[in-house]
Amino acid sequence: MNWDKRTLFGLAGAVALSLGLAMPAAAQTQPPIRIGVLVALEGAFAAGGADAVRNVELALRQVNHTAGGRRIETVVAPSDTRPDTAVRQARKLIEQDRVDFIIGPLSGSEGIAIRDYAKTIPDRTIINGISGALEMTWVDPAPNVFRFNLDGAQWGTGLGRYVVQNRGWRRIATVAADYSFGYTNFLGFAVDFCRAGGTIVQRFWVPLGATDFGGVIAQLPDNVDAVYLGMGGTDAINFLNQWQQAGAGTRIIGGTIMADQTVLTARGRAKEALVGTLISGPLAEDNPDPAWQTYVRQYREAFPANQRFPSPSLFGTGYYIATQAAIAGLNAVNGDLSDGQRRFNAALSSLRLATPLGEVSLNENRQATGTVFVNEIAEGPGGTLVSRNVAKVDGVNQTLGLTAAQFRAMGLPSRTNPDCRALGGG
Amino acid sequence: MTDVARRYPVWTLIVLLLAAGLLWLILTPWTPGIEQVLGRKRVFVNALFGGLTLGALYFLVASGFTLIFGLMRNVNLAHGSLYLLGGYLGYGVSNAAGEWLVAVPVVFLLVGLLGLLLQHQVFRRMEGEELRQTMVTIGLSVVLADMMLWIWGGQSYTLQTPDWLSGPATLPIVVGVDRNGAPVYMRFPQVRIAILVTAVVIGLGMWLVLNRTRLGMLVRAGVDDREMLTASGIRIQYVFLAVFGFGAGLAGVAGVVGGTFQSLAPGEDTRFLLASLVVVIVGGMGSITGAALGALIIGLVEQIGLVYAPTYSVVFTFLIMALVLAFRPQGLIGNRR
Amino acid sequence: MALTDKSRDQRAGTPSGSASWPDLVMSIPAGWWATGCILLIMPALASDFWLFQVFGWSFCLGIIALSLMFLAGYGGMVSLIQMTVAALAGYMVAILGTSGVQQISLGLPWWLYLPLAILIAAAFATAVGALAVRTEGIYTIMITLAIASAFFYFTRQNYEIFNGYSGFNLVVPPRVLGIDWRQPTAFYYLALVFAALCFLAVVYVARSPFGLALQGIRDNPRRMAAMGFNVVAHRIAAYGFAGVIAAIGGILLVWQNTQVAAFTAGIGAVIDILIIAVIGGLRRPIGPFVGAFIYVLLGTFSPDVLSAFGLSNERFKLLIGLGFLAMVFFSPDGALGLWDRWREARRRPVDPLTGQARPGSVP
């Protein structure tokens with residue numbers, strides 16, 4: 001083919017310019033509402049991210065892609081769990097795709113970066129997907145960022161008290177991932193555990209990217225009642241695999257993402273070490289609440305079995321609830337996003353949202369207060385693993401039951417926070 | 001061996017003393033004095049053995065890498081992708097056949113074939129253009145990574161350990177005494193012992209082939225002086241094909257092994273590529289013995305570092321590499337080119 | 001390949017240091033003037049998104065890739081450390097200047113922290129260079145890749161200085177001359193000016209005695225050593241100079257992102273810089289900018305293109321990878337190489353051997 005290169009370049013230039021220029025600033029009467037979905041589709045959480053996209057679609061399908069009298073369109077922006085990619089993609093959504101607001105992001109560090117980006121776009125709204133970073137709505141929060149899901153610290157709450165009071169496990173050693181989510185999720189567990197009088201004998205932080213845990217496993221003390229494992233994804237699978245090979249040992253208490261669908265659906269036998277593990281998190285698969293049961297049924301009906309998880313994942317549920325909140329907010333203001341979305345923001349702040357996980361309301365930092373479930377992993381039919389709910393704690397707030405001053409005085413999650421002794425433990 | 005001892009008497013002595021010291025540490029019951037410095041004996045010995053077995057895995061991956069580089073000057077940055085592909089294929093094969101052992105030869109053949117294809121169709125066309133070959137391997141690794149993500153998705157896979165290898169074995173090493181004064185013996189995962197044995201067998205096999213056969217002679221000659229070998233009428237393309245196919249197949253087998261005692265997921269390709277790079281830089285490019293030594297050092301440093309200084313353990317391996325580069329750029333065992 | 005090709009670089013490498021300024025201005029081809037003018041009036045043509053996200057990002061990445069082009073094209077050293085140097089400069093801006101992490105940032109004034117950041121990054125680049133020049137060719141790639149990995153892991157684990165995994169947010173350019181330099185148009189001109197300065201600096205240095213010696217060393221280090229040139233010192237100095245360029249690019253990139261974290265110089269990002277430089281072409285200083293523009297366009301719009309063709313937009317890495325493969329496979333000199341060949345084919349429709357018109361040579 002003899003392409004005339006000049007024509008080609010000219011064409012490319014014209015397309016490029018029209019992309020940049022052809023976005024009309026003046027909106028016509030009731031144009032569709034555009035929602036940007038910022039989600040990790042690459043990297044460690046790719047499978048969870050894909051489930052998130054499915055769930056946004058599901059929530060919109062249920063309202064026939066209409067809210068507040070206006071049609072809803074979505075634009076998906078893929079990120080790779082890197083904060084800079086998240087901000088870049090968010091900026092593309094706002095500036096190029098001209099979305100009205102964003103649902104996302106998925107991971108912790110992305111959440112913190114998006115919080116700061118949100119401050120530069122006060123006229124747009126961001127509804128968190130499933131980022132679990134405490135800092136997103138606690139440290140210098142942005143007025144236009146809303147989180148209808150619990151944060152990583154809240155997810156850990158309830159479990160500590162349960163293992164001390166119901167199982168009598170008082171001495172534990174901990175092994176958790178050495179980054180912000182690992183600290184945050186552990187903090188939620190430890191605050192509760194220490195206040196109930198438990199003792200943390202040894203804390204061990206494993207760096208991300210370390211995959212051979214033989215030495216760490218050997219180092220765990222013998223005289224403990226259980227070991228807390230706060231890892232996720234591949235790291236969790238690796239640890240469990242080697243834990244089994246070393247002859248397993250004591251009982252396991254799991255961090256929230258230790259037994260998420262991404263781990264439970266991993267291929268191979270490593271996950272079997274999890275049977276009997278107690279974990280806590282924002283959802284319980286066998287939650288008898290009709291709202292949850294309906295949601296799971298709708299999820300299963302909406303997608304063929306090979307294109308979804310057996311039941312909605314943590315990530316998927318988070319995005320589903322965020323979309324629900326967006327729809328409820330739009331309905332409350334009749335699709336009116338004028339005035340820098342002030343009315344929409346006010347409506348979101350005062351929502352009492354009925355979600356599959358129970359009713360959720362926001363506090364003054366626009367952070368949800370909600371229910372945490374304590375689950376036990378058990379063998380299900382056909383060699384699968386399921387989690388069975390054993391307890392739940394309603395109304396877990398952002399400060400984990402402490403006063404804001406106490407919570408602030410404790411400091412942000414880190415390798416050494418919280419100090420167990422200061423909270424009444426050992 | 002005696003040659004080395006004669007040439008470097010001081011180093012040989014130091015190495016022998018170190019080895020003897022370690023052996024003594026492993027065999028003797030620990031006094032409280034030692035425990036104060038090194039912690040409990042169980043931890044130390046486990047870290048040591050864990051490092052050995054991790055080194056064995058690194059050796060399996062890196063030996064193909066170093067051979068390919070030594071002979072063809074091709075830095076195959078898609079080597080990690082071959083590792084991961086081998087693991088995924090091994091998962092499929094062992095599940096279909098119901099037997100872990102079947103996966104090893106099948107994966108070796110499949111990934112080896114892919115290697116042959118790459119060498120024959122891609123790298124042969126750009127022989128001598130080292131940088132371009134490297135670029136192509138970078139491109140290949142990006143493409144392969146995304147295709148594997150497409151096919152196998154983002155979740156983790158672990159190959160099922162055969163029953164006769166699952167669980168720990170008790171080794172005749174006393175690591176402590178229990179409350180009643182009875183000795184506590186060390187328990188160590190059987191699968192790791194098997195990996196160590198496999199790596200040693202493969203390493204010895206490669207050494208024998210390289211040093212005792214005609215093919216090995218050609219390969220060694222090619223590593224030392226490729227132009228001379230070509231000039232002497234050898235059809236070097238066949239040697240290249242053999243080495244690339246073998247190296248790729250070995251990476252695939254390493255994937256099966258790695259998928260058994262660790263796990264397979266997107267991103268593991270980069271991790272093992274980096275590990276191979278560090279191992280061969282420390283050991284010396286193009287040398288099998290160097291790869292073995294490098295793998296041993298890196299495996300040990302990673303495990304002992306993770307136990308005694310977890311925060312920066314992932315950095316140590318790179319520091320060692322920088323040290324080697326600063327004082328012996330050709331690697332611990334390697335000829336200056 | 002091209003790096004060891006001795007008979008190239010007629011344009012960039014010709015010793016014309018003695019030319020006076022008017023001559024120099026006259027010698028610039030008309031195409032350059034046109035490109036320059038278009039770039040200058042771009043804010044009147046393009047939307048904010050294009051100014052900030054597409055062009056702004058292209059300039060930042062282009063400057064960093066330019067530093068690699070200088071080392072690879074003129075020095076024959078393919079270094080993967082450039083993104084790391086850039087990230088270090090960005091980190092220094094965040095640590096010495098202001099950021100969202102107030103317990104670490106020192107809050108120095110901009111006229112102090114900017115030179116300091118560039119200085120520290122350049123010192124780091126020089127130190128890495130001193131280590132890397134002990135090796136040659138393909139080894140350099142591996143050594144710099146390994147040092148880059150070490151830096152990545154170190155910053156991810158270190159919370160005292162580098163704030164670990166989360167890094168620094170809210171790193172914004174200082175208000176100088178009363179202008180908010182993060183506004184799209186202001187940032188566009190800021191990045192454009194620095195890109196042009198870095199470009200001119202590389203062109204100038206390449207024609208200076210130092211640059212010529214460096215190119216001589218690239219082609220035949222032994223002969224240059226015999227002529228009395230200190231080969232090692234020249235190479236290390238090249239790393240230092242490239243470090244300054246990379247540092248400037250890194251600071252701009254951090255301002256554009258408003259944040260810097262371990263992943264800024266992760267292994268993927270490090271390799272991306274190489275991809276950019278190769279896609280554009282390692283022969284001429286303009287190559288990296290062309291490569292960066294292509295990369296940014298692909299990275300920004302390939303999800304849209306893919307979904308337009310009904311493919312899942314998860315597959316955009318595949319598109320970038322295949323494009324890169326095709327480029328190195330068919331045009332080792334990158335996009336500029338394609339352009340050159342096309343011009344070459346048009347300029348010489350006559351077969352040099354027979355003197356007759358070649359069939360089918362005009363595209």
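This is a predicted model: local features need pLDDT of at least 70, side-chain atom pairs count only at pLDDT 80 or more; totals for chains, interfaces and linings use all residues.
Colleague: Now the contact between chains C and A. How many residues does each chain give?

Modeller: Chain C gives 28 residues and chain A gives 27. On the chain C side, the elements with two or more residues are helix 4 (48-75), helix 7 (138-157) and helix 13 (287-308). Helix 4 of chain C has the largest share of that side, four residues. By class, the chain C side holds twelve nonpolar, 13 polar and three charged residues.

Colleague: How many residues are in contact between chains A and B?

Modeller: Here 32 residues of chain A meet 36 residues of chain B. Helix 2, strand 8 (199-206), helix 9 (214-219) and helix 10 (233-245) of chain A each supply at least two residues of the chain A side, and helix 10 of chain A has the largest share, seven residues. That side divides into 14 nonpolar, 15 polar and three charged residues.

Colleague: Let's turn to sheets. How should I read the pairing of strands?

Modeller: In general, strands of a sheet pair through backbone hydrogen bonds, either parallel or antiparallel. In chain A, six strands form an open sheet with mixed pairing, in the order 2-3-1-4-5-6. Its edges are strand 2 (66-67) and strand 6 (145-146) of chain A, each of which pairs on one side only. For a parallel example, take strand 1 (residues 33-40) and strand 3 (residues 70-79) of chain A, which pair over eight bridges. Within strand 3 of chain A, A77(A) is the residue opposite L38(A).

Colleague: Which helix packs on the sheet?

Modeller: Helix 13 (residues 314-332) of chain A does, touching strand 1, strand 2, strand 4 (101-103) and strand 5 (125-127) of chain A. The direction of this helix makes about 150° with that of strand 4 of chain A.

Colleague: Is I103(A) buried or exposed?

Modeller: I103(A), found in strand 4 of chain A, is buried because 27 other C-beta atoms lie within 10 Å. Setting aside residues up to four places away in sequence, I103(A) touches I35(A), V37(A), V56(A), I127(A), G129(A), Y319(A), A322(A), T323(A) and A326(A). As for F146(A), 43 residues away along the chain, its C-alpha atom is separated from that of I103(A) by 9.6 Å.

Colleague: Which backbone angles deserve a second look?

Modeller: As a rule, most residues other than glycine have a negative phi, and most peptide bonds are trans. In chain A, the peptide bond from G104(A) to P105(A) is cis, with omega near 0°, and P105(A) is found in the loop between strand 4 and helix 4 of chain A. The loop between helix 2 and strand 2 of chain A holds N64(A), which has a positive phi of about 60° although it is not a glycine. H65(A) is placed in the loop between helix 2 and strand 2 of chain A, and H65(A) has a positive phi of about 55° although it is not a glycine.

Colleague: Is N64(A) buried or exposed?

Modeller: N64(A) is exposed, because 9 other C-beta atoms lie within 10 Å. H65(A) counts as partly exposed, with 15 other C-beta atoms within 10 Å.

Methods
Residues are numbered from 1 along each chain as its sequence is written. Chains are lettered from A and ligands numbered from 1 in the order in which they are written. Two residues are in contact if their C-beta atoms, placed from the backbone, lie within 7 Å. Ala, Val, Leu, Ile, Met, Phe, Trp, Tyr, Cys and Pro count as nonpolar, Asp, Glu, Lys and Arg as charged, and the others, Gly among them, as polar. Two strands pair if DSSP finds at least two bridges between them. Axes are lines fitted to C-alpha atoms, for helices over the stretch in contact, and angles run from 0 to 180 degrees between N-to-C directions. A residue is buried if 20 or more other C-beta atoms lie within 10 Å of its own, exposed if 12 or fewer, and partly exposed in between; C-beta atoms are placed from the backbone.
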